[in-house]
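Student: I have a structure open and want to go through its packing. Can you start with the terms?

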Amino acid sequence: MDVWVSIIISICAASTPLLLAATGELVVERSGVLNLGVEGMMVMGAVAGFSVAQLTGNPYLGALAAIVVGALFSLIFAFLTLTLVANQVASGLALTILGLGLSGMIGESFVGRPGIKMQPIDIPILSDLPVVGKLVFGQDLLFYSSIFIVVAVAYFLFKTRAGLMLRSVGDSHSSAHALGINVIKIRYLAVMFGGACAGLAGAHLSLVYVPQWVEGMTAGRGWIALALVVFASWRPWRLLIGAYLFGAVTIAQFHAQAIGVPIPAQFLTSLPYLATIVVLVLIARNRRLTMINTPAALGQPFVPDR
Amino acid sequence: MRIELQKRQAASGVFSYLSPFLALALTLIAGAIMFSLLGKNPATALYTYFIEPLTDPWSRDQIIVKATPLALIAIGLAVCFRSGNWNIGAEGQYLIGGMIGATLPVLFHEWQSPLLLPLMMAMGMAGGALYAFIPAILKSRFGTNEILTSLMLVYIAQQIVDWVVRGPWRDPKGMGFPGTKSFNSSGILPDLFKHSDAHYGAVFAILTAVIIWFMLSKTLKGFEISVLGQSPRAGRFAGFSAKQMTVFAFLTSGALAGLAGIAEVSGSVEKLDDKLSLGYGFTAIIVAFLGRLNPLGILAAAFILALSYIGGEAAQISMGISDRATRVFQGLLLFFVLACDTLIHYRIRITSSLKGKT
C-alpha cells in the first residue's frame with residue numbers, strides 16, 4: 001500500500017511543473033498569442049528559485065523570485081511580439097535560447113551545491129490518515145498551487161467578464177478592438193501570467209523535484225507543456241489529465257530503468273517525448289475538437305489602426 | 001511615452017539590408033554592458049570575442065569548421081521558414097544524418113574505396129531527410145503541429161545517438177569513452193589546405209548556398225515557396241499544394257542538416273561520438289534569421305556566429321569569461337534581429353502619451 005502512495009506522490013511531483021507551465025501557456029494562447037519561450041522562462045525560474053533560496057535559505061522566497069523573474073523575462077517576448085509585432089514563433093525560440101544561456105551563466109556558481117528542498121506541508125492529524133493523508137494533506141505548497149491555479153484559470157476564463165474579454169481577444173482581435181477592448185494590454189498581461197506560471201514551474205524543479213541546479217534541467221518540459229495545451233484543446237480541466245498522464249509515463253520509465261528492464265535506458269528516457277508525438281497525432285486527427293477550441297487569432301500579429 | 005507602428009506602403013529596401021547590421025551593433029552594445037556587469041573590461045572582451053580570432057590562422061580554420069554545419073543547416077531552414085514550415089528539429093536531423101552517414105565506416109571499418117566518401121555523404125543526407133520526413137508527413141497527413149513534433153524528435157535523436165556510441169558501435173579499445181573507432185583515411189573528408197582543419201564541407205556549404213539561392217530567386221519552385229509562405233490561400237488559387245510543399249521543404253532541410261552532420265563526423269571529428277553537436281541545429285535558426293533567409297546572407301551570418309563560438313573559447317581561456325556568455329550573445333542577437341526587422345515593414349514613432357491621445 002505504502003509503495004503505491006509513494007508512487008502516486010512521485011507522479012504528482014513529476015506532473016506539477018508540467019501542469020503549472022501548461023496552465024500559464026493556456027491563458028497566453030487563449031489571448032491569441034503563441035509563446036514558444038516556455039522552456040526558457042521555466043529554466044530562468046528554476047535558476048532564480050534556486051539561487052534566491054540559496055542566498056536567503058528560504059525556498060518560499062525562491063519560489064516568489066521565480067514567479068517575478070518568469071514574468072519579467074516574458075516581457076522581452078511581449079515587447080517584441082506585441083509592441084514590435086515581430087514573428088511570434090521566432091521570438092519564442094529566441095526567448096528559449098536566451099533563457100538557456102542566461103540561466104547557465106547565472107547558475108554557474110551554484111552547480112553541485114546541495115539544494116534546499118521545499119518541505120511538504122504536514123497538516124497535523126489529517127496527514128496521518130491512511131493513504132489519503134499523505135496524498136491530500138501532506139504535499140508541498142507548489143502542488144497545491146498547481147491545482148488551485150487550474151481551478152482559478154478555469155473559473156476566470158469561462159465564468160468571469162474579464163475571462164470572456166481575454167477569449168474574445170484571442171478569437172478575433174479586430175472585433176475586440178472595435179468593441180473598445182485594449183487588445184495589447186490584455187495580451188501583455190496574459191503573457192506575463194504565462195511567464196509567472198512557467199517561472200513557478202521551474203522553481204518546482206529546482207526546489208522540490210530535483211532539488212539542485214543542473215544546467216538545462218528543464219530538459220524539454222517547457223515544450224511538453226506546450227504540447228499539453230494542444231492535447232487539452234485549450235481547456236483547463238483537460239490539462240489535469242494530460243499533465244498527470246505525462247507524469248505517469250515519466251515515473252513509469254524511471255521505475256523501469258530502476259528495476260533493470262532489458263531495454264536500453266536511452267529508449268526509456270525517450271518515452272515521454274515519443275508519447276508527446278503520439279498524443280499530438282491522435283489529437284490532430286480529431287479535427288472537430290481542435291477546430292472548435294483553437295483560438296482563432298492564435299499567432300496572428302495585431303497592429304491597432306488609429 | 002508610447003511606441004506606435006505605422007505600416008509602410010512598401011517594404012523598405014534600405015532597412016532590409018541595414019537591419020542585420022543594426023542588430024549586430026545593438027548586440028555588441030548589449031554585450032559590452034553584459035561584460036561590464038561581469039566586471040570585465042568590455043573593450044578587451046569584445047576584442048577577444050570578435051577581432052582576435054581573425055588574426056590567428058588556427059582560429060580562422062576553426063571558424064570555417066564551425067561555420068560549415070551552421071551554414072548548411074541554416075540554408076535548409078531558410079527553405080522551410082520561407083515556405084511557412086517551422087522546422088525546429090534540425091538538431092535531430094543533423095545528429096541522425098551524422099549517425100546514418102557513419103554506418104559504412106563503422107560496420108566495414110577496413111573497407112577502403114574512393115566510393116566510400118560519396119556513399120557516406122549520400123547516406124547522411126538520406127538519414128537527415130528521412131528523419132525530417134516524420135514531422136512533415138505528420139503535418140501534411142494529420143495536421144499535427146510540426147514545431148512540437150520536430151522538436152520532440154531532437155530529444156529522441158540525442159538518445160539514439162547516445163545509445164549507439166555507448167552500446168553497439170562503441171570502440172572496445174576506446175578506454176571506456178563513448179564513441180566509435182576512428183575512420184580509416186578513405187572515410188575522412190579531405191582538408192581544404194595542407195596543415196589545416198578546414199575540410200571540404202565548407203565547399204559543400206558554398207555550393208549549396210549558390211544552388212538554393214538560384215532555386216529561391218530564379219525558379220518557379222522558389223516563387224511557389226514564397227507564395228505559399230506569405231499567403232497559403234493565394235498559393236492554393238495558383239494551384240500550389242501546401243502539403244507537398246511541407247514535404248519538399250522538410251526533405252530539403254533535413255537532407256542539408258544530415259549533410260552537415262556527416263560532413264562534421266567525417267571531416268572534423270573523424271568518428272562518431274557523443275559530442276557531435278554544440279547545439280548547431282538551434283544556433284542555425286539564428287543564422288537563418290540573421291542572414292534574412294537568403295542563402296548568400298546566411299554564409300556571412302554563419303561566419304559571424306562561428307566567430308562567436310571561437311571568440312567565446314578564447315575569452316574563456318584568456319579572460320575567464322564563462323562560455324555560457326556565448327549563448328547569451330547568440331540569444332540576444334536573435335532578439336535584435338527580430339526587433340530590427342520590424343523597421344522593414346513599419347515606421348516606428350515614439351510619441352509622448354499626452355500628444356498621442358488625439
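Tutor: Axes are lines fitted to C-alpha atoms, for helices over the stretch in contact, and angles run from 0 to 180 degrees between N-to-C directions. Helices (H or I, at least four residues) and strands (E, at least two) are DSSP runs numbered from the N terminus. This is a predicted model, where local features need pLDDT of at least 70, side-chain atom pairs count only at pLDDT 80 or more, and totals for chains, interfaces and linings use all residues. Residues are numbered from 1 along each chain as its sequence is written, and chains are lettered from A and ligands numbered from 1 in the order in which they are written.

Student: OK, at what angle do the axes of α5 and α12 of chain B cross?

Tutor: At roughly 55°, with the axes of α5 (90-101) and α12 (242-269) of chain B coming within 7 Å. Because of that angle, α5(B) is oblique to α12(B) (under 35 degrees is roughly parallel, over 145 roughly antiparallel, 65 to 115 roughly perpendicular, and the rest oblique).

Student: What kinds of residues make up that contact of α5(B) with α12(B)?

Tutor: Nine nonpolar, nine polar and one charged. Ala, Val, Leu, Ile, Met, Phe, Trp, Tyr, Cys and Pro count as nonpolar, Asp, Glu, Lys and Arg as charged, and the others, Gly among them, as polar. The residues include B:Gly97 and B:Gly98 of α5(B), and B:Gly258 and B:Gly261 of α12(B); contact requires C-beta atoms, placed from the backbone, within 7 Å.

Student: Switching topic. Is B:Val287 buried or exposed?

Tutor: Buried, because 30 other C-beta atoms lie within 10 Å (20 or more is buried, 12 or fewer exposed, in between partly exposed, with C-beta atoms placed from the backbone). B:Val287 is in helix α13 of chain B.

Student: What does B:Val287 touch?

Tutor: Leaving out residues up to four places away in sequence, B:Leu70, B:Ala74, B:Ile298, B:Ala301, B:Ala302 and B:Leu305. B:Leu299 is twelve residues from B:Val287 in sequence, and their C-alpha atoms are 8.5 Å apart.

Student: And where chain B meets chain A, how many residues are in contact?

Tutor: 39 residues of chain B, with 40 of chain A.

Student: Which element of chain B gives the most to that side?

Tutor: α15(B), with 13 residues. Elements giving two or more residues there include α7 (116-142) and α8 (146-166) of chain B. The chain B side divides into 24 nonpolar, ten polar and five charged residues.

Technical notes. Contact = placed C-beta atoms within 7 Å.
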